[in-house]
Amino acid sequence: MGLNFGALGALTNYFLSIPFYGHFSLYFGQIFVFLCLTTRGLNAGIISSVVSATALAINLNDPFLFIILVSETFTVHMFLRNGKVLLFSDAMYWLLVGIPLAMFLLAITSANSTELLIISGLTLSINGIFCASVAALVYSFIPVQSVYRNYQVKPPKFATVIFSLCMLTITLPTIALSLIFTWQNTTQKEKDIAEMLAGQGEQLMYMSETFVDNHISAVKTLSATLSKSSFSVPVQSVLDATAENQPFFISMLVSNEEGEIMYATPKKYAQMLGAQKQHYLHTRRYFQDAKSTLQAQLSEAIAGVGFGNDPLITVSAPIVFGGDFYGISQGAIRLSTFSTFKKMHIDDNGFQQYVITDRNNKVIISSPSLELPTLSQFDYIPSTTPLIHEIPVLSLRNDKYLYYQTTTEHDWTITVLAPPTIVTQIISKNFYILAAGLLFTLVVFSAIANLLSKRITLPLVRLAEHFSDNNFPEDIAKEAIISDEMVKVTDKLINSRHLMLNFQQQLTQQVEDKTKQLKALNQQLYNLAQKDGLTSLLNRSGFDDLANSTFRNCVRNHIPMSMVLIDIDDFKQINDSYGHPFGDKCIVSIAKTLNKFCKRNTDLLGRYGGEEFIILLSGGVIEEHHELTQRIHKAVKATQIRNDDVIIKMTISVGVSSLSSNFGMSFEGLIKSADEQLYKSKRTGKNKISIYIQ
């Protein structure tokens, strides 16, 4: 899946990158990378990121984009693992990592300005956030139950869902409109600058052609006059008059067919012809071209010879009689005079730098600020600048210039130059305004979306918080009046709450009633388990439990105690003679007698067998225990039980084992000792009390 998503991203990056401004492009392959990351996890996400970023780095010839985009994928993964949403995660990456990383990589590999570094980082971040927004919007439509929701451990809060959707609906169109506005603005600005450079270039071309054509016309007129008159006119006078009408000629001359200069002006040059050696032009190219073509000639930029060595150009025209060549007339123009002519016809205010070169690319005239020597070669290298795409750029002496070139009909090249800052400053200003406006818009709308999400979910949140509270806020229903659906949901939840509380109260009362019943039943069960059903005394098990606890307490605190075992004498004979019901009646009578005497909280009394009873007396002194036993014995002996007309008297045998000093005996040993004393009473005649003290 990582390779599949990566292939889609690679194809999008390679073939569908959209030129933005300058050499920056918008790429959308990260949309598929984010979808792969959020639905398939880190491993698939990294694979898709590597594939997609590689294609983009190759397409834009920028290997550092690979580092930036892969690190974006990993960082977004870390934020997603911590429960953050995709859009927030990507924004945090660019703010904390992406922009600084992009600026650092560009800074160490190029000599771009800080301004360009900032714009590059911001452009990449806006592009990345746009891709994250699209991916997040697509991700929001994936069904909740889908297995592809890789990072969603638990459902998000409703307010978070509303906030995320609001931000997505704001972020996507805002970024899209911002990108379109920036593209249109920068493209139009480049066109405006290109038109300005072209306009100034056309002005210079028109000026140059006008200047040259005027002087060529003057020389051609001179040659025509001499041709028609066959040198019968005063040549020197005509030459002087022509020079006087063309002040930009620094010298004019007339030669014969051999190239020897016959006439010259001004006067100082004319005097040189007679006073010095002869001067010839036959080696000059313009003389040879005029002689061979019989056409007017404009020379390349040259250094003067003979009549001075100033840089100049010459305009020459052949003198022809009857089709035969008889010499040339020529005018020389000092190159520096072009600046004077330009100032006369073109206002320098707002005019960019310029260079005019001849057919051999020699500098005829240039802006002083360029510091290009006249007659030097205008050598430059075609170049580029990242922020500018529509206007050509050249590099001259390590400085970059935007330029426009045009060629005159005389093969002169007009080059108008402008620093890139004329465009980049405007682009940067607009970009900063755009970035600030975009940030402001997102901040304001995020605050609004946050308030809106809380406002919408507040009734539900408060209902959830107070649903089971007794003190229910009454204003929740008022807070729900934001939509018809919310009012209906809130009313239904409030009604459900009332029903739930009523049911809960009923259930609580039922539970309390059942609990009381259960306690009563448990008590009954306890009594059945611990007490004797006939006499309501403790049964053997119940007595052993309580007596054992009391015994341990007495042993621990050295409290005197006595274990008393009682057995009804000849009880079997009573049962056999009068029946078991009467025997039960006798047992109950004995139990009542024992209860009558054993009234202390510390006295434990129980039925230990069929006709056996047991008493544990603790506290006080041993003598009191023995006295109580004697009174019980006498009371039983005095008791009479009637059975129809028969009155029955009973006696009991008693065994007592008392502890006053030997607290090392066990509970079972104490009972055994009392049983031995009971056996002793039985063996020695019954109706007796046997006591053992230790």
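User: Hi! Before we dig in, what does "buried" mean in terms of relative accessible area?

Analyst: Buried means under 20% relative accessible area, exposed means over 50%, and partly exposed is in between, using a 1.4 Å probe and protein chains only.

User: Great. And how much of the protein is buried?

Analyst: Of its 694 residues, 46% count as buried. Do keep in mind that this is a predicted model: local features need pLDDT of at least 70, side-chain atom pairs count only at pLDDT 80 or more, and totals for chains, interfaces and linings use all residues. Residues are numbered from 1 along each chain as its sequence is written, and side-chain values use heavy atoms, with hydrogens and water left out.

User: How many helices and strands are there?

Analyst: The protein has 19 helices and 21 strands. These are DSSP runs numbered from the N terminus: helices are H or I with at least four residues, and strands are E with at least two.

User: What does Trp412 touch?

Analyst: Leaving aside neighbours within four places in sequence, Trp412 is in contact (heavy atoms within 4.5 Å) with residues including Ser208, Val212, Leu298, Ile313, Phe338 and Ile364. Trp412 also forms one aromatic cluster with Phe211, Phe248 and Phe338.

User: Speaking of aromatics, how many pairs are there?

Analyst: The count is 14 aromatic pairs. Rings of Phe, Tyr and Trp (its six-membered ring) pair if their centres lie within 6.5 Å; planes under 30 degrees apart are stacked, over 60 edge-to-face, and the rest tilted.

User: Which kind is Phe543 with Tyr608, and why?

Analyst: Their ring centres are 6.1 Å apart and the planes sit at 80°, so this pair is edge-to-face. Phe543 lies in helix α15 (residues 540-557) and Tyr608 in the loop between β16 (604-607) and β17 (612-618), so the pair ties together parts that are 65 residues apart in sequence. Both residues are buried.

User: What lies over the face of Tyr608?

Analyst: Arg540 does, at 4.2 Å from the ring centre. A charge sits over a ring if NZ of Lys or CZ of Arg is within 6 Å of the ring centre and within 35 degrees of the ring normal.

User: Phe582 next: buried or exposed?

Analyst: Phe582 is buried, at 5% relative accessibility. Other buried residues of α17 include Cys586, Ile587, Ile590 and Leu594.

User: What span should helix α17 have, and what does the model give?

Analyst: At 1.5 Å a residue, the 18 residues of helix α17 (residues 580-597) should span 26 Å, and the end C-alpha atoms are 26 Å apart, which agrees. The expected span is 1.5 Å times one less than the number of residues.

User: Switching topic, which side chain does Thr415 make a polar contact with?

Analyst: Gln405, at 3.1 Å. A polar contact is a pair of N or O atoms within 3.5 Å; within protein, one must be able to donate a hydrogen and the other to accept it, and residues adjacent in sequence count only if both atoms are side-chain atoms. Thr415 is in strand β14 (residues 413-418) and is buried, with a relative accessible area of 1%.

User: And what does the side chain of Thr337 reach?

Analyst: The backbone oxygen of Arg334, at 2.5 Å. Thr337 lies in helix α11 (residues 337-345) and also touches Phe211 and Phe248, not counting residues up to four places away in sequence.
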